Amino acid sequence: MIRKEIVRPERLRHLPEGFGWVDHRLVRKGYLKERSRDALALYLFLVTVADADGVSYYSEESLCAQLNYTSFELKASRSELADADLVAYQKPFYQVLELPRSAEEKNNFAEVMRDVRMCDSNIFSKHREECVSVGDIIKTMTGGK
């Protein structure tokens, strides 16, 4: 096993106050493999600027200026991401979409939510030990890792 080393401890990342994240399933499930560099740059930009619902509304002119794209390159990248079901676009709004879940992930999620609903009604009862913790929910949803 490789031992992790922090190369620059003075520059250790911290979660920012702004809202944004990149789902690790983009790599694990291969969503990045077939995307062009321009589409990936647009996706990263949209993930970075989107609100908690995944929505942003940068104008075409602003996006072209930020990404150094022509109008044609922006439209092609947007179409590529929409065709891959990664973003939705309805002028002027972009929405970064939740990644589709595999059948296995859906089953895990449904099972976890069933457990959570059961606990909601029992949370303050004598059956509290049957409830699942947030950590258990996360472990289950990530396959126990």
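Q: Which residues of α4 does α2 meet?
A: Contact here means heavy atoms within 4.5 Å, and helices are DSSP runs (H or I, at least four residues; strands are E, at least two), numbered from the N terminus. From α2, the residues D38, A39, L42 and Y43 take part, and in α4 they meet E73, L74, S77, R78, E80 and L81.

Q: How do the residues of the contact of α2 with α4 divide by class?
A: Ala, Val, Leu, Ile, Met, Phe, Trp, Tyr, Cys and Pro count as nonpolar, Asp, Glu, Lys and Arg as charged, and the others, Gly among them, as polar. On that basis the contact of α2 with α4 divides into 5 nonpolar, 1 polar and 4 charged residues.

Q: What is the basis of the model and its values?
A: This is a predicted model in which local features need pLDDT of at least 70 and side-chain atom pairs count only at pLDDT 80 or more, while totals for chains, interfaces and linings use all residues. Residues are numbered from 1 along each chain as its sequence is written, and side-chain values use heavy atoms, with hydrogens and water left out.

Q: At what angle do α2 and α4 pack, and how is their arrangement described?
A: Axes are lines fitted to C-alpha atoms, for helices over the stretch in contact, and angles run from 0 to 180 degrees between N-to-C directions. The axes of α2 and α4 (residues 71-83) are 9 Å apart, at an angle of about 80°. Angles under 35 degrees count as roughly parallel, over 145 as roughly antiparallel, 65 to 115 as roughly perpendicular and the rest as oblique. The two helices, α2 and α4, are therefore roughly perpendicular to each other.

Q: Which residues make the contact between α2 and α3?
A: Helix α2 (residues 37-49) packs against α3 (residues 60-67) at an angle of about 115°, with axes 11 Å apart. The contact is made by A41, L42 and F45 of α2 together with L63, Q66 and L67 of α3.

Q: Is D23 buried or exposed?
A: D23 lies in the segment before α1 (25-28), and its side chain reaches the backbone nitrogen of R25 at 2.8 Å. Buried means under 20% relative accessible area, exposed over 50%, and partly exposed in between (1.4 Å probe, protein chains only). At 16% relative accessibility, D23 counts as buried.

Q: What separates the C-alpha atoms of K29 and S102?
A: K29 lies in the loop between α1 and α2 and is partly exposed, at 42% relative accessible area. K29 and S102 are 73 residues apart along the chain, and their C-alpha atoms are separated by 9.3 Å.

Note on methods. Polar contact = N/O pair within 3.5 Å; in protein donor to acceptor, adjacent residues only side chain to side chain.
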